[in-house]
Amino acid sequence: MLDTEAPFGLGNEATFNNVNGGEIRIEHSTDIGLFNDGAGNFTNSTIITIDISDGAGQYGLLNWGTFQNDGGGEIHIDGSASAGLYNQYGLFTNVGKVMIGSTAGVGDYGLLNEFKFDNNSDGEISIDRSATIGLYNWRGIDYQDCAFTNAGKISIGSTTAVGTHGLQNEADFDNAGSGEIQIDRSTTCGLRNMNGVFTNAGKITIGSIAGVGAERADWLSLGEGPGAEEDARGEPFVGQAGKLLDAMLAAIDLRRGDNVYIANAVKCRPPGNRTPEAAEIDACRPYLRRQIAMIRPKLIVLLGRAAMQAVLQD
């Protein structure tokens, strides 16, 4: 375990192989948890945990060289202040698992790519708890040759909000035939292609866990926004609120999933579990309208002030 208040937890300028049986844990770095320099060649086949929450480090993992996360490799990144994983000048290949923001915030960007990133067909990437953009594919200030290829699985915002945009592309992004991208819990736009070329031959799903129930339901129960437990499970009205709602439905011989659809007016948990603000309700209203149009309920039950404002626009 590297428990240090130095600028870098681990700096590699040569060849570093973290093989089976090896385990690396980095804490308290003040700038970068793991830095793979331009001359560095880093291969990971096991577990790397980077949690620099107490050190206020800018980047969890910064890559300028060649980084290979092999099939058995797992990289866990939490607690960065600017970006969880920043591939600035290097080639990053993922065949294993990369988990960003599972337990703590990671700053503005979950994954920021400015050069070459290849998520192999066996690769899995999960991104949560970014403040602005979950995955940002950007040419950078030098307008370098930036490309992101996905043939595996990318999950953005599956458990916790990821900011205004789930995925923003300003370079070349190729979602190959086997590629799967799931985006949830962004407040403005799930996928934004801005000044880039986005090619999709795979599967992209946006906002699929914002509600639960029958796709064609007579009853729509609409709450305000997800609480802590709803956010963690990706399902509206769980915990004590869910038990109460289930009991109310049972009293009139109804149950969730059986001619009942349950959703929230605001799709992401407001900070501090506060009541959703008007701007947040307005931002989610187009999505809510589309939900209502697809479900076509005969009766909408409005549970709370935010739900009433979203539907009645009062």
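The side chains of glutamate 280 and arginine 274 form a salt bridge with an N to O distance of 2.8 Å, a salt bridge being a side-chain nitrogen of Lys or Arg within 4 Å of a carboxyl oxygen of Asp or Glu. The model is predicted, so that local features need pLDDT of at least 70 and side-chain atom pairs count only at pLDDT 80 or more, while totals for chains, interfaces and linings use all residues. Residues are numbered from 1 along each chain as its sequence is written, and side-chain values use heavy atoms, with hydrogens and water left out.

Arginine 274 also meets the side chain of glutamate 277 in a salt bridge, at 3.8 Å from N to O.

A search of the whole structure finds six salt bridges. One of them joins aspartate 172 to arginine 139, with the closest N and O atoms 3.6 Å apart. This pair links distant parts of the chain, 33 residues apart: aspartate 172 belongs to strand S21 (residues 172-175), and arginine 139 to the loop between strand S17 (133-138) and strand S18 (147-150). Strands (E, at least two residues) are DSSP runs, numbered from the N terminus.

The table gives the accessibility of the residues in these pairs. Partly exposed lies between buried (under 20% relative accessible area) and exposed (over 50%), with a 1.4 Å probe and protein chains only.

| Residue | Relative accessible area | Class |
|---|---|---|
| Aspartate 172 | 28% | partly exposed |
| Arginine 139 | 24% | partly exposed |
| Arginine 274 | 30% | partly exposed |
| Glutamate 277 | 43% | partly exposed |
| Glutamate 280 | 22% | partly exposed |

Technical notes: Helices (H or I, at least four residues) and strands (E, at least two) are DSSP runs, numbered from the N terminus.
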